[in-house]
Amino acid sequence: MEILFYIFSTLTLLCGALVVFNPFSRNPVTSAMFLVLTIICMSGLFVLLKAFFLAAVQILVYAGAVIVLFLFVIMLLNIKEEERQRFRKFGTFLGAAAVAGLAWILVTTVMNSRAGERSVANNAGETKPLGELLFTNYVLPFEIVSLLLLVAMVGCILLSKTPETEEETE
Amino acid sequence: MTDWFTSLTPNEQFAIFSLLKIMIAVFTVVLPMVAYSVVAERRISALIQDRIGPNRVGPFGLLQPAADGLKFILKEDFTPAYARKVYFWLAPAVAMVPALLTLAVIPFGSQLGSQKAVIADLNVGILFTFGIVSLSVYGIVLAGYASNSKYPFLGGIRSSAQMISYEIAMGLSVVPVFMLVGDLNLSAVIDYQKSGAWLILKQPIAFVIFLVAAFAETNRLPFDMPEAESELVGGYHTEYSSMKFALFFLGEYAAMIAVSAMMVVLFLGGWTLPFAGLNETATSLGMGLLQVGIFIGKLLLFMGLFIWVRWMLPRFRYDQLMDIGWKRFVPLAIANIVVTAIYLYLTHGK
């Protein structure tokens, strides 16, 4: 089992790096496809943690829907321009800053916690315990997030809708 | 032989049995079934259109798949100069694999000897199938993108929009089924149907939505926008030839088998029949094989339906397709969930 963890985590990191920093191609479609691979490897990690529900949802939602939409948008836009673009200084700086911030949080959390402390229940990734947690302990954050998504959705429709013309011909 | 086998750990035995099940299921059942559903499609379409269809190769044209296969292998494998090579090679494989992977969690029988007749008895079976099915869109999208020309591109764009839309209707339509069953495991769904009525009787709306979404997900008529011949030449596989084209073609039939198998399990009681003790777990090998036969029989029923519908109905227009998906099926599926929830609350609620 341990060897699988190392394989999946190495692949996750490798594919994740290739999404943003691919020396062979600046093609956005390639980046998106590596993002799919990253997510599949991550769901492998979830399986190793016995969180089968999360693993399946990870693939279903991210690999199956979100990144398909990414591809959809990339294909509709003109990607030739993007391909010619080299690494931008500003973007690289911002990215590095974000990574450093996240790394700081991660390192301090790991340093401050002792082994075995605050470990999650063994079956927290299963369907039923997860559902129960979402509808009891975390019902408020859950509802707030769903409201946030609803707002984003309504906003999207409003922005993409062409201004109302006369009658719609049917 | 048996000494060697019993000396293995349970884990190793499990691995060997799983491999055996995969080999038998894929190479002796699914792939021949794919090949022969192509023949069936051609013969049935001929019957419907008052033609004869392929009847020259072997008795009743039954060796036609061998001739077709040989033809596909011998044909020139042409790659357009302007295509994006890596994706052009990757796309046909990506189109074929998800359909075969889906079959891993389908319980195709009760018990064969001491082994459960399912390759992987996952406790999130249905989510696994939906996850894998949702990956099958990449084959088509990548094919459209890699071909780097107009018609395949339009086909790819259309399919990504269509498959995402209908995945939502499909996913929502099965939620009531699992609310009744109380488990995401597909074997549990069959156990539930063993004792009572099949779920097609309890959830007819869910079944209809799932069936229509299945047609859209497999790009079959009346929803075959991604490859609408009269407007897009061949759609996403216009630029493909030889074995690469064959993979798309066979992938479509493999996907049909996969969704048919899902429908049999979810709505038609899987390997059970409600008489002659056939809805009990098999105790003998013969009984187990008979139940596998029942499962395959029900599956062939759906395959026949797929083929029959293709030659009976005209193609939808693209805006109609999107309208019916988003404005009819999604609300209907959600209403079905709410009604089921209210029913369950009234009957079992506290």
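Modeller: Here are some notes on its chains, helices and contacts.

Modeller: This is a predicted model, where local features need pLDDT of at least 70, side-chain atom pairs count only at pLDDT 80 or more, and totals for chains, interfaces and linings use all residues. Residues are numbered from 1 along each chain as its sequence is written, with chains lettered from A and ligands numbered from 1 in the order in which they are written.

Biologist: How many helices and strands does chain A have?

Modeller: Chain A has seven helices and zero strands. Helices (H or I, at least four residues) and strands (E, at least two) are DSSP runs, numbered from the N terminus.

Biologist: And what share of chain A counts as buried?

Modeller: Of its 170 residues, 16% count as buried. A residue is buried if 20 or more other C-beta atoms lie within 10 Å of its own, exposed if 12 or fewer, and partly exposed in between, with C-beta atoms placed from the backbone.

Biologist: How many buried residues are there in α7(A)?

Modeller: The count is zero among its 22 residues, so α7(A) is hardly covered.

Biologist: What should helix α7 of chain A span?

Modeller: Helix α7 (residues 139-160) of chain A should span 32 Å at 1.5 Å a residue, and its end C-alpha atoms are 32 Å apart, which agrees. The expected span is 1.5 Å times one less than the number of residues.

Biologist: Switching to the contact between chains: how many residues from chain A and from chain B?

Modeller: Chain A puts in 15 residues and chain B 17 residues. Two residues are in contact if their C-beta atoms, placed from the backbone, lie within 7 Å.

Biologist: Which helix gives the most on the chain A side?

Modeller: Helix α3 (residues 52-76) of chain A does, with 13 residues. By class, the side of chain A that touches chain B has 13 nonpolar, two polar and no charged residues. Ala, Val, Leu, Ile, Met, Phe, Trp, Tyr, Cys and Pro count as nonpolar, Asp, Glu, Lys and Arg as charged, and the others, Gly among them, as polar.

Biologist: On to chain B. At what angle do helix α2 and helix α12 pack?

Modeller: Helix α2 (residues 10-48) of chain B and helix α12 (residues 242-267) of chain B pack at about 110°, with axes 9 Å apart. They are therefore roughly perpendicular to each other. Angles under 35 degrees count as roughly parallel, over 145 as roughly antiparallel, 65 to 115 as roughly perpendicular and the rest as oblique. Axes are lines fitted to C-alpha atoms, for helices over the stretch in contact, and angles run from 0 to 180 degrees between N-to-C directions.

Biologist: What about α10(B) and α14(B)?

Modeller: Those two pack at an angle of about 150°, with their axes 10 Å apart, and are therefore roughly antiparallel to each other. Residues making the contact include B:V212 of α10(B) and B:F329 of α14(B).

Biologist: Is B:V212 buried or exposed?

Modeller: B:V212 is buried, with 20 other C-beta atoms within 10 Å.

Biologist: And B:F249, where does that lie?

Modeller: B:F249 lies in helix α12 of chain B. With 19 C-beta neighbours inside 10 Å, B:F249 counts as partly exposed.

Biologist: Last one: what is phi of B:D50?

Modeller: Phi of B:D50 is near 60°, a positive value in a residue other than glycine. B:D50 counts as exposed, with 6 C-beta neighbours inside 10 Å.
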